Amino acid sequence: MTGNLLNIYKIIKNTEVEGPGRRFCIWTQGCSRHCKGCFAKQTWEFGVGKSFTVDDLWNEIKAENGIEGITLLGGEPFEQAEPLAILTTLVKNSGYSVVCFTGYTYEELKNSKNSGVTALLNNIDLLIDGNFIQDKFDLTRPWVGSSNQRYLFLTDYYKPEDIKKYKNKIEIRIAGNGKLEINGMGDFKKLEQKLCLQLGQNKIK
Ligand code: SF4
């Protein structure tokens, strides 16, 4: 996906469990990394999500009250770096923060020759990098599922002490049709057992 168009798996306009504070969250569609144990295989295929222009998404972000920023998850946001760089420039210029989860390491992104990747990286306040690794499963830190994943403070918008006040949490929404939707990070198996329900797993990284 290039230019001004984004392919999106899912949006939650106002959530408190995908980064600091209240956030507008965008799950991109498409990931070529195919990590073992990925929670979100439904986001791997490219081009099967919903298409949005950058302007469509920006208008939705601006219309949402009470958010302090946006969070990009996947899929792999950096596979759609060019349009996300345009979107995040609008977001940053309006004073919102940008948090991004990626399966790439910061070093891989920093060394990329792709100008879209560099532009997106330059707009991120808090980057959470690294694949989910099943053998390093660890839920003791907020928003992440394995101990290799790092919080990288690329601007001074957030500081390490800001992160310490958060814990992993799960949000459950019940749609009008009765469908349950969960997001956040936690032990989904335990939750399923406790609720005695078959819940869809929507957490991505
Ligand atoms: S964990 Fe993230 S980077 Fe890895 S396959 Fe899943 S969506 Fe892609």
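Student: Is Gln 80 buried or exposed in this predicted model?

Tutor: The model is predicted. The relative accessibility of Gln 80 is 2%, and a residue under 20% counts as buried. Gln 80, placed in the loop between β4 (69-73) and α2, is therefore buried.

Student: Which backbone atom lies 2.8 Å from a polar atom of the side chain of Gln 80?

Tutor: A polar contact requires a pair of N or O atoms within 3.5 Å. At 2.8 Å from a polar atom of the Gln 80 side chain lies the backbone nitrogen of Asn 7.

Student: Which residue does a cis peptide bond join to Gly 74?

Tutor: Most peptide bonds are trans. Here omega is about 5°, and the bond is cis. The residue joined to Gly 74 is Gly 75, found in the loop between β4 and α2.

Student: Are helices α1 and α2 roughly parallel or roughly antiparallel?

Tutor: The axes of α1 (residues 54-63) and α2 (residues 81-93) come within 10 Å and cross at roughly 30°. Angles under 35 degrees count as roughly parallel. The crossing is right-handed, and the two helices are therefore roughly parallel.

Student: Is Trp 143 buried or exposed?

Tutor: Most residues other than glycine have a negative phi. Trp 143 has a positive phi, near 75°, and is found in the loop between β6 (126-129) and β7 (150-153). With a relative accessible area of 3%, Trp 143 is buried.

Conventions. Residues are numbered from 1 along each chain as its sequence is written. This is a predicted model: local features need pLDDT of at least 70, side-chain atom pairs count only at pLDDT 80 or more; totals for chains, interfaces and linings use all residues. Side-chain values use heavy atoms; hydrogens and water are left out. Axes are lines fitted to C-alpha atoms, for helices over the stretch in contact, and angles run from 0 to 180 degrees between N-to-C directions. Helices (H or I, at least four residues) and strands (E, at least two) are DSSP runs, numbered from the N terminus. Angles under 35 degrees count as roughly parallel, over 145 as roughly antiparallel, 65 to 115 as roughly perpendicular and the rest as oblique. A crossing is left-handed if the near helix is turned anticlockwise from the far one by less than a right angle, and right-handed if clockwise. Buried means under 20% relative accessible area, exposed over 50%, partly exposed in between (1.4 Å probe, protein chains only). A polar contact is a pair of N or O atoms within 3.5 Å; within protein, one must be able to donate a hydrogen and the other to accept it, and residues adjacent in sequence count only if both atoms are side-chain atoms.
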